[in-house]
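Please look over the sequence and the structure, then read on.

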Amino acid sequence: MFGGAKAAEEHFPYELTDAEWRAKLTPEQYRVLRGHGTERPGSCALNYEKRAGTFSCVGCSQPLFKSGKKFESGTGWPSFDQPLDGAVGITEDRSHLMVRTEVHCANCGGHLGHVFPDGPPPTGQRYCINGVVMDFEPAAA
């Protein structure tokens, strides 16, 4: 199930049926992107990606983050201090008996992770993103 009430109320530029999402994504990608899950910390190779390039949504290919905005947070998930302009949306997440700020893809609405106010200057933000829901395109040499 994707996002409960949010899914019923919001529409995004890129939309697929549940069957189409399941056919497009791996079971783990579906669980996180469409089901608001979380991957196991340290389980994704993108957490260790150091090359110049762009991270994009695995569901719709929307560019999300530039590698120059990625930093090592020690959390086990890829962390960024700033998304690309207009690439993500945020909503209040009251699951798990806490209030957090969820980050979703602005193009398909897929769950990416959460943003926290404990990142480095100049933004002070830490976009803690599940690597399984992103692709990486290295910059041209």
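## Terms and basis

A residue is termed buried under 20% relative accessible area, exposed over 50%, and partly exposed in between, with a 1.4 Å probe and protein chains only. The model is predicted: local features need pLDDT of at least 70 and side-chain atom pairs count only at pLDDT 80 or more, while totals for chains, interfaces and linings use all residues. Residues are numbered from 1 along each chain as its sequence is written, and side-chain values use heavy atoms, with hydrogens and water left out.

## Overall architecture

The protein contains 3 helices and 9 strands (DSSP runs numbered from the N terminus: H or I of at least four residues for helices, E of at least two for strands). Along the sequence, their order is α-α-α-β-β-β-β-β-β-β-β-β. Of its 141 residues, 48% count as buried.

## Arg126

Arg126 belongs to strand β8, which spans residues 126-129. Because its relative accessibility is 11%, Arg126 counts as buried. Its side chain forms a polar contact with the side chain of Asp118 at 2.8 Å; such a contact is a pair of N or O atoms within 3.5 Å, where, within protein, one must be able to donate a hydrogen and the other to accept it, and residues adjacent in sequence count only if both atoms are side-chain atoms.

## Glu102

Glu102 is located in strand β6, residues 100-105. With a relative accessibility of 4%, Glu102 is therefore classed as buried. The side chain of Glu102 makes a polar contact of 3.4 Å with the side chain of His36.
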